[in-house]
Amino acid sequence: MCGRRKETLMNKQKFFQGLRDGIPLGLGYFAVSFSVGISCHAARLTALQSFLMSLLNNASAGEYGGITVISEDAGIWVIVLMTLIVNARYLLMSCSLSQKFSPDTPLYHRDPPLRLRLLVGFDVTDELFGLAIAQPGALSAWYFFGAMCVALPAWSLGTLTGALAGSILPQWAMGGFSVMLYGMFLAIIVPEGKKNR
């Protein structure tokens, strides 16, 4: 009984550490996904459709690609092919991330009932992957869940806010928001490029 209590306490600590480390990601996600919401509005998606798209598909490039083919009235096979191509890197990230977990990490956890490894695979993004890989030693699934619990809602709510704001913002402002994703990418790459050419 004591061993189980100790494990539960460690899981809670890892979860809250992930929650804390996920806050900066969540703030960045909210800001960048605002531009996804603007794009959704331009593609004539409703605010609810925009929110659900971001909640169920937390991938900026995949969402932008999806919005583009939706606005062009592409067929289902074009959408499927585009999604596979744009999101193929997540397969490699997931394989790499699976090696970071302790071999003791179960596929299924009884108390509470969770499919641990499968749930982690739902929200592998570039930033969450980087955060997880940077952790020393074996990765705790609970740490990843903590970071996910900030990142996923922030991304979805940012998209919803952008979709709602798209109906009241002037056109020149919406054009500026469409380049936010590139700004976030540069903000990640440039400082590292200065440190290590």
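How are helix 2 and helix 8 oriented to each other? Helix 2 and helix 8 are roughly antiparallel (an angle over 145 degrees). The model is predicted, so local features need pLDDT of at least 70 and side-chain atom pairs pLDDT 80 or more, while totals for chains, interfaces and linings use all residues. Residues are numbered from 1 along each chain, and side-chain values use heavy atoms, without hydrogens and water.

Two packed helices are described by the angle and the distance between their axes. The axes of helix 2 (residues 47-56) and helix 8 cross at roughly 155 degrees and come within 8 Å. Axes are lines fitted to C-alpha atoms, for helices over the stretch in contact, with angles from 0 to 180 degrees between N-to-C directions. Helices are DSSP runs (H or I, at least four residues), numbered from the N terminus. The crossing is right-handed (the near helix is turned clockwise from the far one by less than a right angle).

In contact (heavy atoms within 4.5 Å), helix 2 contributes Ala 47, Ser 50, Phe 51, Ser 54 and Leu 55. Helix 8 contributes residues including Leu 152, Trp 155, Thr 159 and Leu 164. This contact has 9 nonpolar residues, 4 polar and no charged.

Helix 8 (residues 141-165) also meets helix 7 (residues 126-133). Their axes come within 11 Å and cross at roughly 150 degrees. Helix 7 and helix 8 are therefore roughly antiparallel, and their crossing is right-handed. Leu 128, Leu 131 and Ala 132 of helix 7 make the contact with Tyr 143, Phe 144, Ala 147, Met 148 and Ala 151 of helix 8. Here 8 residues are nonpolar, with no polar and no charged ones.

How values were computed. Helices (H or I, at least four residues) and strands (E, at least two) are DSSP runs, numbered from the N terminus. Angles under 35 degrees count as roughly parallel, over 145 as roughly antiparallel, 65 to 115 as roughly perpendicular and the rest as oblique. Ala, Val, Leu, Ile, Met, Phe, Trp, Tyr, Cys and Pro count as nonpolar, Asp, Glu, Lys and Arg as charged, and the others, Gly among them, as polar.
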